[in-house]
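Subject: Structure handover

Hello,

Here is the structure for you to look through. My notes follow below it.

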Amino acid sequence: MKLHHCVGARSFRPLCALEALGLPYELAMLPFPPRVHAKEYFALNPLGTIPLLEDGDTRMTESAAICEYLAARHGAGGLGVRPDEAEYGRYLNALHFGEATLTFPQTLVLRYGRFEPPERRNPGIVEDYARWFLSRLKGFGAVLDGRRFVCAGRFTAADISIGYALMLAEFAGLGDQLPDFARTYWEGLKSEPSYARALAAEQRAAEAQGVSPVPSPLGG
C-alpha cells in the first residue's frame with residue numbers, strides 16, 4: 001500500500017490507522033498544497049487532494065473512509081467494529097462525525113483566519129465557525145459520557161477520526177477553548193503507541209523526501 005500525505009493533513013488519519021494495524025506501507029510526502037506545488041500529482045488524484053491511498057487497484061481519497069476500509073479489509077476486526085457488535089452504529093456515526101461535523105468548520109477557521117491573503121481574511125467567518133465547532137464538540141461530550149474510547153471499549157478508527165479533529169483544533173488555535181472532557185479524551189488518544197509512531201513516520205519521511213516538516217492541516 002502507498003499513502004500520499006502532507007504533514008499534519010487529514011491523511012494523518014489513515015497514517016495512524018496503518019500504524020495501529022502494523023501494516024507495511026510506503027509513505028509518499030507532498031508539499032502543501034499539492035495541487036499548486038506538485039501538479040504531477042493530478043495524474044494520480046484528479047482532485048489534487050490529500051490523502052490518496054493506493055492499495056492494488058483500489059484508490060481512495062476520503063480520510064475517514066480509508067480508515068474504515070483499512071479496519072475492515074486489513075484489520076482482522078481489531079481497529080473496526082463488526083456489524084454484529086452492539087455498538088456498530090455508534091462506531092460508524094463517530095467515525096464520520098469526526099470529519100463531517102468536527103473537521104469541516106475548522107477548515108474555514110484556518111482558511112479565513114490564517115491561509116487566505118490578508119485582504120481576504122474574515123474574522124466574522126472565523127468566529128462563527130469556531131463557535132460551531134465548539135458547540136458540536138460540547139454535544140459530543142454527552143455522547144462520549146466519560147468513556148476513554150468512543151465505542152466498543154477499545155481504540156478504534158472512530159477514535160482516530162475524532163482525534164484528528166482535536167489535533168486540528170490545537171493547530172487552529174482553539175486548544176485553549178477545548179472543554180475538559182475533550183482534553184482528557186485527547187490526552188488518552190495521544191498516549192496510544194500508534195499516534196507516536198505516525199508522528200515519527202511522517203517526520204522521517206518528510207526529512208528523507210525534502211518536504212517541509214511544518215504541518216499543513218487543511219489537507220489537499
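Predicted model: local features only at pLDDT ≥ 70, side-chain atom pairs only at ≥ 80, totals over all residues.

The second largest pocket has a volume of about 150 Å³. Lining it are 11 residues. Closest to the centre of this pocket are Ala-71, Ala-72, Gly-80, Val-81 and Arg-82. Two elements, α3 (63–74) and α4, each give two or more residues to the lining.

Searching the whole structure turns up 1 cavity of 30 Å³ or more. The largest cavity holds about 110 Å³ of space. Its lining counts 13 residues, and those closest to the centre are Cys-16, Ile-160, Gly-163, Trp-186 and Tyr-195.

Which helices supply that lining? At least two residues each come from α1 (12–21), α6 (157–171) and α7 (180–190). Helix α6 has the largest share, with 5 residues. The classes in the lining of the largest cavity are 9 nonpolar, 1 polar and 3 charged.

Now the helix packing. Two packed helices are described by the angle between their axes and the distance between the axes. Two pairs are worth a look on screen.

- α6 and α7: these two helices both supply residues to the lining of the largest cavity. Their axes come within 10 Å and cross at roughly 115 degrees. Angles of 65 to 115 degrees count as roughly perpendicular, and α6 and α7 are therefore placed in that class. The crossing of α6 past α7 is left-handed.
- α4 and α5: helix α4 covers residues 88–115 and helix α5 covers residues 123–144. They pack at an angle of about 160 degrees, and their axes are 8 Å apart. The cut-off for roughly antiparallel is an angle over 145 degrees, and α4 and α5 therefore run roughly antiparallel to each other. This crossing, too, is left-handed. Helix α4 also gives two or more residues to the lining of the second largest pocket.

Last, two points in the backbone.

- Pro-51: the peptide bond from Ile-50 to Pro-51 is cis. Omega for this bond is near 10 degrees. Pro-51 sits in the loop between α2 (34–37) and β3 (52–55).
- Asp-145 belongs to the loop between α5 and α6.

To go through the model yourself, start with the second largest pocket, around Ala-71, Ala-72, Gly-80, Val-81 and Arg-82. Then go to the largest cavity, around Cys-16, Ile-160, Gly-163, Trp-186 and Tyr-195.

Best regards

Definitions and conventions:
Residues numbered from 1 in each chain as written. Heavy atoms only, no water. 1 Å grid on protein atoms, 1.4 Å probe; cavity = no way out; pocket = protein on both sides within 12 Å on 5 of 7 lines; lining within 4 Å. Points joined across faces, edges and corners; volume = space filled by probe spheres on them. Helix = DSSP H or I, 4+ residues; strand = E, 2+ residues; numbered from the N terminus. Nonpolar A, V, L, I, M, F, W, Y, C, P; charged D, E, K, R; others polar. Axes fitted to C-alpha atoms, helices over the stretch in contact; angles between N-to-C directions. Parallel < 35°, antiparallel > 145°, perpendicular 65-115°, else oblique. Left-handed = near helix turned anticlockwise from the far one by under 90°.
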